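Here is a friendly walk through one model, written for someone who likes to know the cut-offs behind each term. Please have a look at the fold before reading on.

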Amino acid sequence: MFDIEIFQHDPGIFYSFAKQILPSTLAYSPTHAFLKLLQEKDKLLRVYTQNIDNLEQLAGVKDEKLVQCHGSFATASCMRCKLQVSGDEIREDILNGEIPKCPACETAREQQPKKAKGKKRRRNDDWDDDDDDEDDDIIEGIMKV
């Protein structure tokens, strides 16, 4: 489920699991506060974390001091246009069990004129019918964390 090829094939697999592991708390621990204190005293060189909960950032640890070894829910990027948004912008979708969609790609898609069903078009040097327009670019407008 953490493989990009599997994600590209079916992002729902990742997001059904992400719903379960998305940090439910916005409260950091005394350890996180201690890391911030070390930073304030100019004693903190770097924090390496396997956690994806962003609690170090919430406590005030600067991004340049933080290495999130397994990534995080801090940001999400569009698979198509590379738009990067705050993880907070997709949090509700994840909690609702929905696959987050790129707002820029969704707006562009809504502004495109509707194509006639069954009309042939040229794509990638192959002829393809347009009967499945909704599925043509499904992955490209998906946000990945």
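The notes below cover confidence, a sheet and a helix.

This is a predicted model, in which local features need pLDDT of at least 70 and side-chain atom pairs count only at pLDDT 80 or more, while totals for chains, interfaces and linings use all residues. Residues are numbered from 1 along each chain as its sequence is written, and side-chain values use heavy atoms, with hydrogens and water left out.

The protein chain has a mean pLDDT (the predictor's confidence in each residue, from 0 to 100) of 81, and 80% of its residues reach 70 or more. Helices (H or I, at least four residues) and strands (E, at least two) are DSSP runs, numbered from the N terminus.

| Element | Residues | Mean pLDDT |
|---|---|---|
| Strand S6, lowest | 126-129 | 40 |
| Helix H3, highest | 30-40 | 97 |

Over residues 119-138, pLDDT stays under 50. Where pLDDT is low, the predicted coordinates should not be read in detail.

Now for the sheet. Three strands form an open, antiparallel sheet in the order S4-S3-S7, where pairing takes at least two DSSP bridges between two strands. S4 (84-86) and S7 (143-144) are the edge strands; each has a single partner, so one of its sides lacks a neighbour in the sheet. Between S3 (residues 75-78) and S4 there are 3 bridges, and Thr75 has Ser86 as its bridge partner in S4.

Helix H2 (residues 11-21) has Pro11, Phe14, Tyr15 and Ala18 buried, meaning under 20% relative accessible area with a 1.4 Å probe, protein chains only. Seen down the H2 axis, these buried residues fall within an arc of 90 degrees, so they line one face of the helix; the arc is taken from the directions from the helix axis to the C-beta atoms.

Methods. Buried < 20%, exposed > 50% of the residue type's maximum accessible area, 1.4 Å probe, protein only. Contact = heavy atoms within 4.5 Å.
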